[in-house]
Amino acid sequence: MIFNFLKNKGKNPRVRFAPSPTGPFHVGGARTALFNYLFAKKNGGEFVLRIEDTDAERSDKRFEKDIVDGLNWLGIKSDEFCRQSERTDIYEKYLKKIISGREAFWCHHTREELAEEKTRQMENKEPPRHVCEHKNEKENKTGGIIRLKGSDKKIKFHDLIRGDIEFDLSLLGDIAIAKDERTPLYNFAVVVDDNEMGITHVIRGEDHISNTPKQMIIQKALGIESPLYAHIPMILGTDRSKLSKRHGATSVNEYQRLGYLADAFINFMVMLGWNPGDEKEIMDKEEITKKFSLEKIQKGGAVFNIEKLNWFNKEYVKKMPAAELAKTAAEFMPEEVKEKIKENFAYWEKIMEMEKTRITVFSEVKENTGYFFVNPSFPKSLLVWEDDKPETAKEHVNKIIESLSSLKSADFSKESVKGAIWAYAEEKGRGSVLWPFRVALTGLAKSPDPFGIAEILGKDETLSRLNHAKLILHG
(Lines give C-alpha, C1' and ligand atoms only; values in the text may rest on other atoms or scores of the structure.)
Protein backbone atom coordinates (compact mmCIF):
# COMPACT_ATOMS: atom_id res chain seq x y z
CA MET A 1 0.00 0.00 0.00
CA ILE A 2 1.71 3.18 -1.22
CA PHE A 3 0.16 6.58 -0.60
CA ASN A 4 -0.21 9.44 -3.04
CA PHE A 5 1.64 12.61 -2.04
CA LEU A 6 1.30 14.49 -5.35
CA LYS A 7 -0.94 17.17 -3.83
CA ASN A 8 2.09 18.67 -2.11
CA LYS A 9 4.14 19.25 -5.23
CA GLY A 10 4.46 22.86 -6.28
CA LYS A 11 2.65 24.18 -3.21
CA ASN A 12 4.04 26.63 -0.73
CA PRO A 13 4.37 24.52 2.42
CA ARG A 14 2.08 24.74 5.41
CA VAL A 15 3.56 23.17 8.51
CA ARG A 16 2.40 22.91 12.09
CA PHE A 17 3.80 22.66 15.58
CA ALA A 18 1.24 20.80 17.66
CA PRO A 19 2.23 20.55 21.33
CA SER A 20 0.05 19.15 24.11
CA PRO A 21 -0.22 21.57 27.08
CA THR A 22 0.49 18.86 29.64
CA GLY A 23 3.90 20.01 30.86
CA PRO A 24 6.54 22.75 30.56
CA PHE A 25 7.81 23.75 27.12
CA HIS A 26 11.07 21.82 26.80
CA VAL A 27 14.02 21.93 24.40
CA GLY A 28 12.81 19.02 22.26
CA GLY A 29 9.52 20.75 21.51
CA ALA A 30 11.26 24.08 20.92
CA ARG A 31 13.60 22.52 18.36
CA THR A 32 10.67 20.85 16.57
CA ALA A 33 8.91 24.22 16.40
CA LEU A 34 12.12 25.85 15.14
CA PHE A 35 12.68 23.30 12.35
CA ASN A 36 9.07 23.72 11.19
CA TYR A 37 9.34 27.50 11.32
CA LEU A 38 12.63 27.61 9.41
CA PHE A 39 11.35 25.22 6.74
CA ALA A 40 8.22 27.33 6.21
CA LYS A 41 10.07 30.64 6.07
CA LYS A 42 12.80 29.27 3.79
CA ASN A 43 10.18 28.09 1.30
CA GLY A 44 7.69 30.94 1.48
CA GLY A 45 5.23 28.90 3.50
CA GLU A 46 3.16 29.25 6.66
CA PHE A 47 3.67 28.04 10.22
CA VAL A 48 0.64 26.98 12.27
CA LEU A 49 0.62 26.66 16.07
CA ARG A 50 -1.98 24.09 17.09
CA ILE A 51 -2.55 23.36 20.78
CA GLU A 52 -3.59 19.71 21.08
CA ASP A 53 -5.70 19.91 24.24
CA THR A 54 -8.38 17.25 23.66
CA ASP A 55 -7.13 15.44 26.78
CA ALA A 56 -9.06 17.63 29.20
CA GLU A 57 -7.79 15.84 32.31
CA ARG A 58 -4.10 16.44 31.56
CA SER A 59 -4.22 19.72 29.63
CA ASP A 60 -3.52 22.88 31.60
CA LYS A 61 -3.78 26.53 30.55
CA ARG A 62 -0.57 27.24 32.50
CA PHE A 63 1.37 25.00 30.15
CA GLU A 64 -0.30 26.51 27.08
CA LYS A 65 0.91 29.90 28.28
CA ASP A 66 4.37 28.44 28.89
CA ILE A 67 4.48 27.22 25.28
CA VAL A 68 3.27 30.51 23.81
CA ASP A 69 5.63 32.56 26.00
CA GLY A 70 8.57 30.36 25.04
CA LEU A 71 7.86 30.67 21.32
CA ASN A 72 7.45 34.44 21.62
CA TRP A 73 10.78 34.72 23.44
CA LEU A 74 12.49 32.76 20.67
CA GLY A 75 10.84 34.88 17.98
CA ILE A 76 9.04 31.88 16.45
CA LYS A 77 5.87 33.62 15.32
CA SER A 78 2.92 31.60 14.07
CA ASP A 79 0.84 32.59 11.04
CA GLU A 80 -2.18 30.82 12.48
CA PHE A 81 -3.25 29.64 15.94
CA CYS A 82 -5.90 27.18 17.08
CA ARG A 83 -6.91 24.80 19.88
CA GLN A 84 -8.24 21.31 19.27
CA SER A 85 -10.73 21.75 22.13
CA GLU A 86 -12.52 24.37 20.01
CA ARG A 87 -12.91 22.05 17.00
CA THR A 88 -15.23 19.37 18.41
CA ASP A 89 -17.93 19.89 15.75
CA ILE A 90 -15.38 19.25 13.00
CA TYR A 91 -14.24 15.97 14.54
CA GLU A 92 -17.84 14.84 14.99
CA LYS A 93 -18.52 15.38 11.28
CA TYR A 94 -15.54 13.23 10.29
CA LEU A 95 -16.33 10.52 12.85
CA LYS A 96 -19.90 10.19 11.64
CA LYS A 97 -18.63 9.96 8.08
CA ILE A 98 -16.17 7.18 8.84
CA ILE A 99 -18.74 5.21 10.87
CA SER A 100 -21.48 5.55 8.24
CA GLY A 101 -19.00 4.42 5.62
CA ARG A 102 -18.43 1.23 7.65
CA GLU A 103 -14.71 1.97 7.93
CA ALA A 104 -15.07 2.39 11.68
CA PHE A 105 -17.25 0.75 14.32
CA TRP A 106 -18.20 0.73 18.00
CA CYS A 107 -16.19 -1.65 20.16
CA HIS A 108 -18.12 -2.79 23.26
CA HIS A 109 -15.33 -4.56 25.14
CA THR A 110 -14.73 -3.32 28.68
CA ARG A 111 -11.43 -1.94 29.91
CA GLU A 112 -10.99 -5.04 32.04
CA GLU A 113 -11.44 -7.33 29.04
CA LEU A 114 -8.97 -5.34 26.99
CA ALA A 115 -6.43 -5.31 29.86
CA GLU A 116 -6.70 -9.09 30.22
CA GLU A 117 -6.23 -9.53 26.48
CA LYS A 118 -3.11 -7.37 26.53
CA THR A 119 -1.68 -9.30 29.47
CA ARG A 120 -2.20 -12.63 27.67
CA GLN A 121 -0.54 -11.30 24.52
CA MET A 122 2.48 -10.06 26.42
CA GLU A 123 2.81 -13.40 28.23
CA ASN A 124 2.71 -15.15 24.86
CA LYS A 125 5.20 -12.65 23.46
CA GLU A 126 2.67 -11.46 20.89
CA PRO A 127 2.33 -7.84 19.73
CA PRO A 128 -0.37 -6.16 21.85
CA ARG A 129 -3.34 -5.43 19.59
CA HIS A 130 -7.09 -5.80 19.57
CA VAL A 131 -8.90 -7.51 16.70
CA CYS A 132 -12.55 -6.94 17.49
CA GLU A 133 -15.41 -9.28 16.61
CA HIS A 134 -17.86 -6.36 16.74
CA LYS A 135 -16.53 -4.84 13.51
CA ASN A 136 -18.54 -7.18 11.27
CA GLU A 137 -21.89 -6.76 13.03
CA LYS A 138 -24.66 -5.66 10.67
CA GLU A 139 -26.13 -3.36 13.29
CA ASN A 140 -23.26 -1.89 15.23
CA LYS A 141 -24.93 -0.20 18.21
CA THR A 142 -23.34 2.81 19.91
CA GLY A 143 -21.41 2.40 23.15
CA GLY A 144 -17.84 1.63 24.17
CA ILE A 145 -15.19 3.25 21.96
CA ILE A 146 -14.83 3.80 18.23
CA ARG A 147 -12.26 1.75 16.33
CA LEU A 148 -10.98 1.73 12.77
CA LYS A 149 -11.16 -1.59 10.93
CA GLY A 150 -7.66 -3.02 10.66
CA SER A 151 -5.79 -4.47 7.72
CA ASP A 152 -3.32 -7.28 7.09
CA LYS A 153 -1.50 -5.35 4.36
CA LYS A 154 1.81 -3.53 4.51
CA ILE A 155 2.15 0.21 4.25
CA LYS A 156 5.12 2.08 2.83
CA PHE A 157 5.96 5.76 2.81
CA HIS A 158 8.97 7.93 2.05
CA ASP A 159 10.33 9.89 4.99
CA LEU A 160 12.12 13.05 3.83
CA ILE A 161 14.91 12.44 6.34
CA ARG A 162 15.01 8.65 6.79
CA GLY A 163 14.05 7.38 3.35
CA ASP A 164 11.55 4.57 2.74
CA ILE A 165 9.82 3.10 5.80
CA GLU A 166 7.50 0.09 5.77
CA PHE A 167 5.04 -1.18 8.40
CA ASP A 168 3.05 -4.39 8.74
CA LEU A 169 -0.50 -3.22 9.50
CA SER A 170 -1.52 -6.61 10.85
CA LEU A 171 0.51 -5.78 13.96
CA LEU A 172 -1.81 -2.86 14.75
CA GLY A 173 -5.15 -4.64 14.86
CA ASP A 174 -8.27 -2.45 15.02
CA ILE A 175 -6.96 0.81 16.43
CA ALA A 176 -9.03 3.04 18.72
CA ILE A 177 -9.78 6.43 17.17
CA ALA A 178 -12.35 8.05 19.51
CA LYS A 179 -14.02 7.71 22.90
CA ASP A 180 -17.31 8.82 21.32
CA GLU A 181 -18.48 10.88 18.36
CA ARG A 182 -17.35 14.16 19.98
CA THR A 183 -14.16 12.99 21.67
CA PRO A 184 -11.51 11.92 19.16
CA LEU A 185 -8.28 10.29 20.25
CA TYR A 186 -4.90 11.68 19.27
CA ASN A 187 -4.32 10.05 15.89
CA PHE A 188 -7.79 10.79 14.53
CA ALA A 189 -7.78 14.44 15.64
CA VAL A 190 -4.33 14.93 14.10
CA VAL A 191 -5.46 13.54 10.73
CA VAL A 192 -8.58 15.71 10.65
CA ASP A 193 -6.69 18.85 11.66
CA ASP A 194 -3.86 18.33 9.18
CA ASN A 195 -6.40 17.87 6.39
CA GLU A 196 -8.61 20.80 7.38
CA MET A 197 -5.62 23.11 7.76
CA GLY A 198 -4.00 22.09 4.50
CA ILE A 199 -0.81 20.88 6.17
CA THR A 200 1.61 19.78 3.45
CA HIS A 201 4.58 18.65 5.57
CA VAL A 202 4.58 17.04 9.01
CA ILE A 203 7.97 17.64 10.62
CA ARG A 204 8.15 16.04 14.06
CA GLY A 205 10.26 13.91 16.40
CA GLU A 206 11.19 10.35 15.53
CA ASP A 207 9.17 9.13 18.51
CA HIS A 208 6.12 9.75 16.28
CA ILE A 209 7.20 7.31 13.56
CA SER A 210 5.00 4.62 15.10
CA ASN A 211 1.98 6.97 14.82
CA THR A 212 2.50 7.51 11.10
CA PRO A 213 0.98 4.22 9.81
CA LYS A 214 -2.03 4.69 12.09
CA GLN A 215 -2.59 8.18 10.75
CA MET A 216 -2.13 7.08 7.16
CA ILE A 217 -4.75 4.33 7.36
CA ILE A 218 -7.15 6.83 8.94
CA GLN A 219 -6.43 9.15 6.00
CA LYS A 220 -7.20 6.33 3.57
CA ALA A 221 -10.45 5.50 5.35
CA LEU A 222 -11.51 9.16 5.14
CA GLY A 223 -10.50 9.42 1.49
CA ILE A 224 -7.91 12.15 2.05
CA GLU A 225 -4.31 12.29 0.88
CA SER A 226 -1.33 12.22 3.20
CA PRO A 227 1.07 15.06 3.88
CA LEU A 228 4.79 14.51 3.48
CA TYR A 229 6.55 13.26 6.60
CA ALA A 230 9.94 14.10 8.08
CA HIS A 231 10.97 12.64 11.43
CA ILE A 232 13.81 14.45 13.17
CA PRO A 233 16.27 12.80 15.60
CA MET A 234 15.79 12.76 19.34
CA ILE A 235 17.81 15.05 21.59
CA LEU A 236 20.04 13.02 23.89
CA GLY A 237 21.92 13.69 27.10
CA THR A 238 25.70 13.52 27.22
CA ASP A 239 25.41 9.83 28.17
CA ARG A 240 23.44 9.21 24.93
CA SER A 241 20.20 8.48 26.80
CA LYS A 242 16.98 10.42 26.26
CA LEU A 243 17.32 14.00 27.45
CA SER A 244 15.85 14.53 30.91
CA LYS A 245 16.12 16.83 33.93
CA ARG A 246 19.13 14.92 35.23
CA HIS A 247 21.04 16.20 32.17
CA GLY A 248 20.21 19.77 33.16
CA ALA A 249 17.22 20.01 30.84
CA THR A 250 14.70 22.58 32.03
CA SER A 251 11.81 24.40 30.40
CA VAL A 252 12.67 26.85 27.65
CA ASN A 253 11.39 29.74 29.74
CA GLU A 254 13.74 28.75 32.54
CA TYR A 255 16.65 29.31 30.16
CA GLN A 256 15.27 32.78 29.54
CA ARG A 257 15.06 33.42 33.29
CA LEU A 258 18.64 32.23 33.70
CA GLY A 259 19.75 34.87 31.27
CA TYR A 260 20.37 33.10 27.99
CA LEU A 261 19.86 35.17 24.85
CA ALA A 262 17.11 34.05 22.48
CA ASP A 263 19.36 34.33 19.40
CA ALA A 264 22.07 32.25 21.07
CA PHE A 265 19.52 29.64 22.11
CA ILE A 266 18.14 29.47 18.55
CA ASN A 267 21.66 29.09 17.13
CA PHE A 268 22.44 26.32 19.62
CA MET A 269 19.18 24.45 19.02
CA VAL A 270 19.40 24.45 15.24
CA MET A 271 22.77 22.71 15.45
CA LEU A 272 21.15 19.84 17.40
CA GLY A 273 20.65 17.46 14.52
CA TRP A 274 21.28 19.85 11.62
CA ASN A 275 24.44 21.02 9.95
CA PRO A 276 24.79 23.85 7.39
CA GLY A 277 27.41 21.87 5.47
CA ASP A 278 30.40 23.96 6.56
CA GLU A 279 32.38 24.67 9.72
CA LYS A 280 30.55 27.88 10.58
CA GLU A 281 28.69 27.79 13.91
CA ILE A 282 27.70 31.37 14.78
CA MET A 283 24.79 32.41 12.53
CA ASP A 284 21.88 34.78 13.01
CA LYS A 285 18.33 33.67 12.29
CA GLU A 286 18.34 35.18 8.80
CA GLU A 287 21.44 33.25 7.76
CA ILE A 288 20.14 30.06 9.38
CA THR A 289 16.87 30.41 7.45
CA LYS A 290 18.68 30.81 4.14
CA LYS A 291 20.82 27.73 4.74
CA PHE A 292 18.20 25.50 6.31
CA SER A 293 16.97 22.37 4.54
CA LEU A 294 15.49 19.05 5.61
CA GLU A 295 18.15 17.22 3.61
CA LYS A 296 20.83 18.42 6.03
CA ILE A 297 19.07 17.04 9.11
CA GLN A 298 20.95 14.03 10.40
CA LYS A 299 19.34 10.71 11.32
CA GLY A 300 21.27 10.06 14.52
CA GLY A 301 20.41 11.52 17.91
CA ALA A 302 21.77 14.96 18.78
CA VAL A 303 23.56 15.46 22.11
CA PHE A 304 22.48 18.36 24.32
CA ASN A 305 25.63 19.81 25.85
CA ILE A 306 25.10 22.65 28.33
CA GLU A 307 28.74 23.70 27.96
CA LYS A 308 28.17 24.21 24.24
CA LEU A 309 25.05 26.27 24.94
CA ASN A 310 27.09 28.37 27.37
CA TRP A 311 29.74 28.88 24.70
CA PHE A 312 27.12 30.08 22.20
CA ASN A 313 25.64 32.46 24.74
CA LYS A 314 29.03 33.87 25.71
CA GLU A 315 29.84 34.52 22.04
CA TYR A 316 26.56 36.36 21.52
CA VAL A 317 27.11 38.43 24.67
CA LYS A 318 30.50 39.51 23.35
CA LYS A 319 28.88 40.81 20.16
CA MET A 320 26.26 42.94 21.93
CA PRO A 321 26.53 46.75 21.61
CA ALA A 322 27.40 48.38 24.95
CA ALA A 323 24.02 50.06 25.49
CA GLU A 324 22.06 46.90 24.64
CA LEU A 325 24.29 44.79 26.88
CA ALA A 326 23.83 47.18 29.80
CA LYS A 327 20.05 47.36 29.30
CA THR A 328 19.70 43.56 29.14
CA ALA A 329 21.90 42.99 32.19
CA ALA A 330 19.98 45.58 34.22
CA GLU A 331 16.83 43.44 33.99
CA PHE A 332 18.51 40.78 36.11
CA MET A 333 19.37 43.11 38.98
CA PRO A 334 17.30 43.61 42.17
CA GLU A 335 14.63 46.31 42.01
CA GLU A 336 16.49 48.66 44.33
CA VAL A 337 19.59 48.41 42.15
CA LYS A 338 17.55 48.97 38.98
CA GLU A 339 16.53 52.35 40.39
CA LYS A 340 20.17 53.27 40.99
CA ILE A 341 21.05 52.16 37.44
CA LYS A 342 18.32 54.42 36.02
CA GLU A 343 19.77 57.36 37.95
CA ASN A 344 23.27 56.80 36.56
CA PHE A 345 23.16 54.58 33.47
CA ALA A 346 26.63 55.71 32.33
CA TYR A 347 28.06 54.26 35.55
CA TRP A 348 26.31 50.95 34.81
CA GLU A 349 27.61 50.93 31.24
CA LYS A 350 31.18 51.20 32.53
CA ILE A 351 30.59 48.26 34.85
CA MET A 352 29.16 46.13 32.05
CA GLU A 353 31.93 47.01 29.64
CA MET A 354 34.37 45.60 32.18
CA GLU A 355 32.21 42.53 32.89
CA LYS A 356 31.36 41.79 29.24
CA THR A 357 33.96 39.08 28.63
CA ARG A 358 33.12 37.35 31.91
CA ILE A 359 29.38 36.92 31.33
CA THR A 360 28.14 33.46 30.41
CA VAL A 361 24.51 34.00 31.42
CA PHE A 362 22.97 37.23 32.68
CA SER A 363 21.77 35.72 35.96
CA GLU A 364 25.44 35.80 37.02
CA VAL A 365 25.55 39.60 36.78
CA LYS A 366 23.71 40.19 40.05
CA GLU A 367 26.27 38.24 42.08
CA ASN A 368 29.26 39.54 40.14
CA THR A 369 28.43 43.24 40.23
CA GLY A 370 26.46 43.78 43.44
CA TYR A 371 29.49 45.27 45.18
CA PHE A 372 29.32 48.33 42.95
CA PHE A 373 26.08 49.32 44.69
CA VAL A 374 26.48 47.94 48.21
CA ASN A 375 29.57 48.04 50.41
CA PRO A 376 30.94 44.49 50.52
CA SER A 377 30.95 42.42 53.69
CA PHE A 378 33.66 39.83 54.29
CA PRO A 379 35.64 38.12 57.09
CA LYS A 380 39.15 39.14 58.04
CA SER A 381 40.51 35.82 56.78
CA LEU A 382 39.43 36.57 53.20
CA LEU A 383 41.80 39.54 53.06
CA VAL A 384 44.84 37.31 53.62
CA TRP A 385 46.59 35.79 50.61
CA GLU A 386 47.37 32.05 50.83
CA ASP A 387 50.13 31.53 53.47
CA ASP A 388 50.52 35.22 54.33
CA LYS A 389 49.81 36.49 57.83
CA PRO A 390 47.23 39.20 58.63
CA GLU A 391 50.11 41.57 59.43
CA THR A 392 51.35 41.20 55.84
CA ALA A 393 47.92 42.00 54.40
CA LYS A 394 47.70 44.98 56.75
CA GLU A 395 51.07 46.25 55.50
CA HIS A 396 49.96 45.95 51.87
CA VAL A 397 46.62 47.71 52.44
CA ASN A 398 48.38 50.59 54.22
CA LYS A 399 50.82 50.96 51.32
CA ILE A 400 48.02 50.90 48.71
CA ILE A 401 46.11 53.60 50.64
CA GLU A 402 49.24 55.74 50.82
CA SER A 403 50.00 55.31 47.10
CA LEU A 404 46.46 56.01 45.86
CA SER A 405 45.91 58.99 48.15
CA SER A 406 48.46 60.97 46.16
CA LEU A 407 46.48 60.57 42.90
CA LYS A 408 44.10 63.29 41.75
CA SER A 409 40.42 62.34 41.62
CA ALA A 410 40.16 63.58 38.03
CA ASP A 411 43.04 61.31 36.99
CA PHE A 412 41.95 58.23 38.94
CA SER A 413 42.09 55.84 35.96
CA LYS A 414 42.85 52.16 35.64
CA GLU A 415 46.29 53.02 34.29
CA SER A 416 47.15 55.56 37.00
CA VAL A 417 46.00 53.23 39.80
CA LYS A 418 48.08 50.39 38.39
CA GLY A 419 51.08 52.70 37.93
CA ALA A 420 50.85 53.86 41.55
CA ILE A 421 51.19 50.38 43.10
CA TRP A 422 52.68 48.13 40.42
CA ALA A 423 56.32 48.48 41.41
CA TYR A 424 55.42 47.67 45.03
CA ALA A 425 53.38 44.65 43.91
CA GLU A 426 56.28 43.37 41.79
CA GLU A 427 58.63 43.74 44.76
CA LYS A 428 56.39 42.09 47.38
CA GLY A 429 54.60 39.63 45.14
CA ARG A 430 51.61 40.37 42.94
CA GLY A 431 49.30 37.88 44.60
CA SER A 432 50.22 38.97 48.09
CA VAL A 433 49.53 42.66 47.29
CA LEU A 434 46.66 42.53 44.82
CA TRP A 435 44.61 39.92 46.71
CA PRO A 436 43.70 42.14 49.69
CA PHE A 437 43.20 45.05 47.26
CA ARG A 438 40.65 43.02 45.27
CA VAL A 439 38.84 41.72 48.36
CA ALA A 440 38.69 45.18 49.95
CA LEU A 441 36.91 46.55 46.87
CA THR A 442 34.61 43.61 46.07
CA GLY A 443 34.38 41.21 48.98
CA LEU A 444 34.87 38.44 46.41
CA ALA A 445 37.60 35.90 45.78
CA LYS A 446 37.07 36.23 42.01
CA SER A 447 36.49 39.44 40.11
CA PRO A 448 38.03 41.57 37.34
CA ASP A 449 41.38 43.14 38.17
CA PRO A 450 41.16 45.70 40.99
CA PHE A 451 42.57 48.52 38.84
CA GLY A 452 39.50 48.66 36.58
CA ILE A 453 37.20 48.31 39.57
CA ALA A 454 38.94 51.20 41.33
CA GLU A 455 38.50 53.41 38.27
CA ILE A 456 34.75 52.80 38.19
CA LEU A 457 34.33 53.25 41.96
CA GLY A 458 36.36 56.45 41.92
CA LYS A 459 39.02 57.66 44.33
CA ASP A 460 36.81 58.45 47.33
CA GLU A 461 34.92 55.16 47.32
CA THR A 462 38.08 53.13 46.65
CA LEU A 463 39.89 54.71 49.61
CA SER A 464 36.80 54.32 51.79
CA ARG A 465 36.69 50.58 51.13
CA LEU A 466 40.43 50.19 51.66
CA ASN A 467 40.17 51.99 55.00
CA HIS A 468 37.29 49.70 55.98
CA ALA A 469 39.51 46.69 55.17
CA LYS A 470 42.26 48.29 57.25
CA LEU A 471 39.92 48.47 60.25
CA ILE A 472 38.97 44.82 59.81
CA LEU A 473 42.65 43.82 59.75
CA HIS A 474 43.32 45.86 62.88
CA GLY A 475 40.38 44.22 64.66
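Is Asp193 buried or exposed? Asp193 is buried, at a relative accessible area of 0% (buried means under 20% relative accessible area, exposed over 50%, partly exposed in between, with a 1.4 Å probe and protein chains only). The close-ups below start from that residue.

A quick note on the model: this is a predicted one, where local features need pLDDT of at least 70 and side-chain atom pairs count only at pLDDT 80 or more, while totals for chains, interfaces and linings use all residues. Residues are numbered from 1 along each chain as its sequence is written, and side-chain values use heavy atoms, with hydrogens and water left out.

**View 1. Arg50 and Asp193 meet in a salt bridge.** The N to O distance here is 3.6 Å (a salt bridge is a side-chain nitrogen of Lys or Arg within 4 Å of a carboxyl oxygen of Asp or Glu). The pair links distant parts of the chain, with Arg50 in strand S2 (residues 46-51) and Asp193 in helix H5 (residues 186-196), 143 residues apart. Helices (H or I, at least four residues) and strands (E, at least two) are DSSP runs, numbered from the N terminus. Arg50 has 0% relative accessibility, so it counts as buried.

**View 2. Asp194 also forms a salt bridge with Arg50.** This one comes in at 2.9 Å, N to O. Asp194 belongs to helix H5 and Arg50 to strand S2, so the pair ties together parts that are 144 residues apart in sequence. Asp194 is buried too, with a relative accessible area of 4%.

View 3. Side chains of opposite charge can pair when their charged atoms come close. The structure holds 34 salt bridges.

View 4. Glu339 is partly exposed at 42% relative accessible area, while Lys342 counts as exposed at 63%.

**View 5. Lys125 has a positive phi.** The angle is about 55°, although Lys125 is not a glycine. Look for Lys125 in the loop between helix H4 (111-123) and strand S5 (145-148). Lys125 is exposed, with a relative accessible area of 78%.

**View 6. Glu386 has a positive phi as well.** Here phi is about 40°, and again the residue is not a glycine. Glu386 is in the loop between helix H14 (363-369) and helix H15 (390-405). Its relative accessible area is 61%, so Glu386 is exposed.

**View 7. Glu112, Glu113, Glu116 and Glu133 form a negative surface patch.** For such a patch, residues need over 30% relative accessible area and no salt bridge, and like charges are joined within 9 Å. Glu133 sits in the loop between H4 and S5, and is exposed at 51%.

**View 8. Gln219 is buried in helix H6.** The helix covers residues 211-222, and Gln219 has a relative accessible area of 2%. Leaving out residues up to four places away in sequence, Gln219 touches Val191, Ile224, Ser226, Pro227 and Tyr229 (contact means heavy atoms within 4.5 Å).

Conventions
Patches are made of residues with over 30% relative accessible area and no salt bridge: like charges are joined within 9 Å, nonpolar side chains (Val, Leu, Ile, Met, Phe, Trp, Tyr) within 5 Å. Accessible areas come from the Shrake-Rupley method with a 1.4 Å probe; for residues, only the protein chains shown count as cover. Lys and Arg count as positive and Asp and Glu as negative; His and the chain ends are not counted. The place of a charge is taken as NZ of Lys, CZ of Arg, CG of Asp or CD of Glu.
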